[in-house]
Amino acid sequence: MSQFTMTINGAAVGSDQQLSVLDPATGRPFAECPDCSEAQLDQAVRAAKAALPAWQGDAEARRAALLKCADAIEAQAQAIAPVLTQEQGKPLGKALEELYGAALWFRSTVALPLEDQLLREDENFRVELRRRPLGVVAGITPWNFPVLLAVWKIAPALLAGNTFILKPSPYTPLSSLALGEALRDALPPGVFNVVSGGDQLGRWLTAHPEVRKISFTGSVATGKHIAAAAAPDLKRVTLELGGNDPAIVLADNNPEKIAEKLFWSAFANSGQVCVAVKRLYVEEPIFPAVVEALGAIAERVKVGPGSAADSELGPLNNRAQFDRVSELVEDARSHGAKVVAGGKPLANEGYFYAPTILTDVTEGVRLVDEEQFGPALPVMSFKSVDEVLGRANGTHFGLGGSIWTEDLDRGATLARDLDCGTAWVNQHMNLAPDVPFGGVKWSGIGYENGPWGLAAFTEYQVINVAKR
Ligand code: NAD
């Protein structure tokens with residue numbers, strides 16, 4: 001079995017205890033990762049703290065080091081991508097996209113300005129606004145895009161002058177450990193540490209008194225635990241949590257023209273995307289045609305191991321997620337849902353589930369009300385825009401949403417009525433390093449990416465000088 005090491009104070013570190021990592025395409029273990037002890041975590045936090053003064057002191061050196069990180073990720077992309085595929089399940093081409101995306105994110109972040117601002121200067125006072133780093137930052141990440149979502153945190157946190165401890169999901173630790181290995185030579189010891197372990201490790205990290213901020217991406221339930229755990233110490237938090245995104249398709253669409261784009265907005269990464277379309281509302285006149293077109297695509301798409309060249313979708317990442325999707329589809333069926341395509345597991349081993357389109361389902365059924373995070377899409381019809389906006393917004397979630405229409409002005413106007421962090425028109429899931437991303441309501445607190453994401457890793461300090 002392959003061995004991967006943690007990165008603590010710039011060095012490769014193993015552990016007495018190991019955790020198995022499963023290949024979701026087989027359901028069998030294929031590698032191990034260290035199970036970080038509390039003492040080792042403490043070492044990592046101390047190393048991160050010790051590295052702070054030198055790292056904070058030289059902004060130009062930080063920018064140069066972060067560019068080296070981008071180079072290192074690109075240089076290692078071909079080596080890390082198969083690891084990501086094997087632990088996560090996604091097709092190899094998508095794993096490569098994730099790695100090159102991570103390098104792009106480093107480069108875009110390095111280009112962001114981080115300058116002090118002169119607020120006022122007159123004969124009496126000089127008032128400056130300074131951006132200070134927070135200190136040691138913890139990044140806790142999920143298993144759907146382990147490398148990219150980590151880099152959304154690492155790059156701005158380091159640019160701002162913080163040091164970092166990354167704790168990946170126990171389902172996908174290896175690509176993050178490999179990232180730590182790839183960046184060891186690019187960054188001074190202690191600036192970027194990677195530790196692997198279970199949820200308990202996340203709890204230790206969250207509770208550690210030297211950690212000043214937790215940047216978390218994951219489920220709503222864990223996000224609430226983290227917010228509560230951060231409260232006694234008033235640690236800063238950014239929470240990027242779950243979604244149950246609605247897409248609203250108006251009757252002026254040509255179903256054939258939009259079906260492919262709609263399908264992939266829901267099924268990319270086997271539906272395991274926080275901002276995937278998770279509820280589809282189609283205006284009555286074109287409802288049958290949209291359902292038919294989506295069903296045809298779902299039947300056609302090639303599902304298989306991520307390592308196979310022709311796989312368009314891989315398995316679900318883990319047993320619990322596979323069971324959850326199966327259970328939600330069965331529950332919908334027992335409430336009268338009609339399965340237009342899929343509706344069942346595939347293959348004898350691994351966590352493969354057929355891309356599933358369901359109709360005759362509505363609010364009040366778990367598949368509609370909860371985040372399925374998998375390849376099963378409920379498609380519902382609506383009669384009026386007022387009615388559908390009420391249904392779309394009638395949830396605790398508020399990550400993304402979209403309006404699909406030939407009338408771009410109307411689409412942009414209706415998008416404003418969606419109660420969510422990002423509202424798209426004629427697309428979904430389009431994220432970029434220069435555009436802020438975050439959720440409202442239970443979908444999160446704070447923003448990532450661009451100057452807004454960078455600001456989340458700084459605090460203001462006012463320097464107010466009296467001249468006489
Ligand atoms: P999860 O909440 O179960 O786990 C995420 C991470 O938190 C893991 O590293 C886990 O070990 C750690 N963790 C678990 N309990 C903890 C605790 N009490 N304290 C500290 N850390 C703890 O989420 P998941 O199942 O890995 O990911 C799927 C979820 O993530 C979905 O809800 C999805 O929508 C969401 N997500 C959100 C975004 C976003 O940007 N908004 C992006 C991707 C995924």
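## Contacts along the chain

In this predicted model, 73% of the contacts between residues at least 6 apart in sequence join residues at least 24 apart; a contact means heavy atoms within 4.5 Å. Local features need pLDDT of at least 70 and side-chain atom pairs count only at pLDDT 80 or more, whereas totals for chains, interfaces and linings use all residues. Residues are numbered from 1 along each chain as its sequence is written, and side-chain values use heavy atoms, with hydrogens and water left out.

## Overall form and surface

The protein contains 14 helices and 21 strands, where helices (H or I, at least four residues) and strands (E, at least two) are DSSP runs numbered from the N terminus. Its radius of gyration is 23 Å, in agreement with the value near 23 Å for a compact globule of 468 residues; the radius is taken over C-alpha atoms, and the globule rule is 2.2 Å times the number of residues to the power 0.38. Along the principal axes, the C-alpha atoms fill a box of roughly 75 × 60 × 40 Å.

Of the 468 residues, 56% are buried. Buried means under 20% relative accessible area, exposed over 50%, and partly exposed in between (1.4 Å probe, protein chains only). The accessible surface comes to about 18,700 Å², with 53% belonging to carbon and sulfur atoms; areas come from the Shrake-Rupley method with a 1.4 Å probe, and for residues only the protein chains shown count as cover.

## Charges and salt bridges

There are 42 positive and 55 negative side chains, and the centres of the two sets lie 5 Å apart. Lys and Arg count as positive and Asp and Glu as negative, without His and the chain ends; each charge is placed at NZ of Lys, CZ of Arg, CG of Asp or CD of Glu. Salt bridges (a side-chain nitrogen of Lys or Arg within 4 Å of a carboxyl oxygen of Asp or Glu) number 27.

One of them joins R107 and D71 at 2.8 Å, N to O. Because R107 lies in helix α3 (residues 92-110) and D71 in helix α2 (residues 59-88), this pair ties together parts 36 residues apart in sequence. R107 is partly exposed at 30% relative accessible area, as is D71 at 42%.

## Pairs involving helix α10

E327 and R366 form a salt bridge of 2.9 Å, N to O. This pair links distant parts of the chain, with E327 in helix α10 and R366 in helix α11, 39 residues apart. Both side chains belong to partly exposed residues, E327 at 42% relative accessibility and R366 at 27%.
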